[in-house]
Amino acid sequence: MAPKATKWAKPEPAPAPPPPGAKPEEDKKDGKEPSDKPQKAVQDDKEPSDKPQKAVQPKHEVGTRRGCRRYRWELKDSNKEFWLLGHAEIKILSLGCLIAAMILLSSLTVHPILRLIITMEISIFSFFILLYSFAIHRYIPFILWPISDFFNNLIACAFLVGAVVFAVRSRRSMNLHYLLAVILIGAAGVFAFIDVCLQRNHFRGKKAKKHTPVPPPGKEKGPQQGKGPEPAKPPEPGKPPGPAKGKK
């Protein structure tokens with residue numbers, strides 16, 4: 001038998017109806033309210049960080065460097081290439097031989113052509129040493145500097161060998177200073193030929209294909225997208241349309 005209700009027991013109050021427009025509580029399970037912590041964590045993950053991220057610069061390219069930072073990188077990379085490939089040592093040896101030959105010939109009476117060739121080669125070798133040492137060629141890209149240096153070494157070798165032949169033939173008797181100057185001029189020509197061989201190693205594996213012209217950078221135009229056919233021009237006002245074909 002069911003127990004009778006006590007005399008003093010109060011009836012339980014009915015739950016209050018939800019206000020209009022309120023959503024039903026679906027998240028409550030086992031009498032526990034859902035916490036807002038995971039939602040806040042997701043929102044924090046989606047928010048972008050305010051700290052600026054530094055762009056990682058490539059080691060073998062200029063990257064986004066500008067101004068003095070770019071010049072420092074170009075200076076370091078140019079000198080590294082200039083000294084490690086052996087061009088700097090060869091050019092400095094050639095320049096030293098020509099300067100020593102010029103000093104030895106300054107106290108002698110020689111043909112002016114011989115002095116002209118020596119001073120010309122000294123100025124050209126000095127120009128290329130300064131060009132590569134201060135990375136000036138990196139800012140003049142419209143000149144192919146490896147090719148110009150290659151032809152300069154060839155011409156210098158030919159001029160210096162010709163100067164040696166001319167110096168030997170122009171004199172029958174040669175004193176010690178004159179002989180040493182001729183030997184130094186010939187050594188400078190040999191060093192120029194060695195630099196030509198080093199330039200050949202630089203050009204290996206860089207042959208251009210035949211009948212494939214390469215366009216200059218920055219002038220390539222992609223296909224024009226988003227442009228439809230041009231609309232037909234309306235007839236000019238004041239002129240009646242012409243009669244159709246087959247009708248008068």
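Trainee: What percentage of the 248 residues in the protein chain do buried residues make up?

Mentor: This is a predicted model, in which local features need pLDDT of at least 70, side-chain atom pairs count only at pLDDT 80 or more, and totals for chains, interfaces and linings use all residues. Residues are numbered from 1 along each chain as its sequence is written, and side-chain values use heavy atoms, with hydrogens and water left out. A residue is buried under 20% relative accessible area, exposed over 50% and partly exposed in between, with a 1.4 Å probe and protein chains only. Of the 248 residues in the protein chain, the buried share is 21%.

Trainee: How many helices and strands does the protein chain hold?

Mentor: Both are DSSP runs numbered from the N terminus, helices being H or I with at least four residues and strands E with at least two. From the N terminus on, the elements run α-α-α-α-α-α. The count is therefore six helices and zero strands.

Trainee: How far apart are the end C-alpha atoms of helix H5?

Mentor: Helix H5 covers residues 145–170, which is 26 residues. The expected span is 1.5 Å times one less than the number of residues.

Trainee: Is Leu154 buried, partly exposed or exposed?

Mentor: Leu154 lies in helix H5. Its relative accessibility is 36%, so Leu154 counts as partly exposed.

Trainee: Which element gives the largest share of the nonpolar patch?

Mentor: Patches are made of residues with over 30% relative accessible area and no salt bridge, with like charges joined within 9 Å and nonpolar side chains (Val, Leu, Ile, Met, Phe, Trp, Tyr) within 5 Å; a salt bridge is a side-chain nitrogen of Lys or Arg within 4 Å of a carboxyl oxygen of Asp or Glu. Met120, Leu144, Ile147, Phe151, Leu154, Ile155 and Phe159 form this surface patch, with about 620 Å² of accessible area together, by the Shrake-Rupley method with a 1.4 Å probe, where for residues only the protein chains shown count as cover. Five residues, the largest share, come from H5.

Trainee: Which residues does Ser94 touch, not counting residues up to four places away in sequence?

Mentor: Ser94 is placed in helix H3, residues 87–105. With a relative accessible area of 0%, Ser94 is buried. Contact means heavy atoms within 4.5 Å. Not counting residues up to four places away in sequence, Ser94 touches Phe125, Ala188, Phe191 and Ala192.
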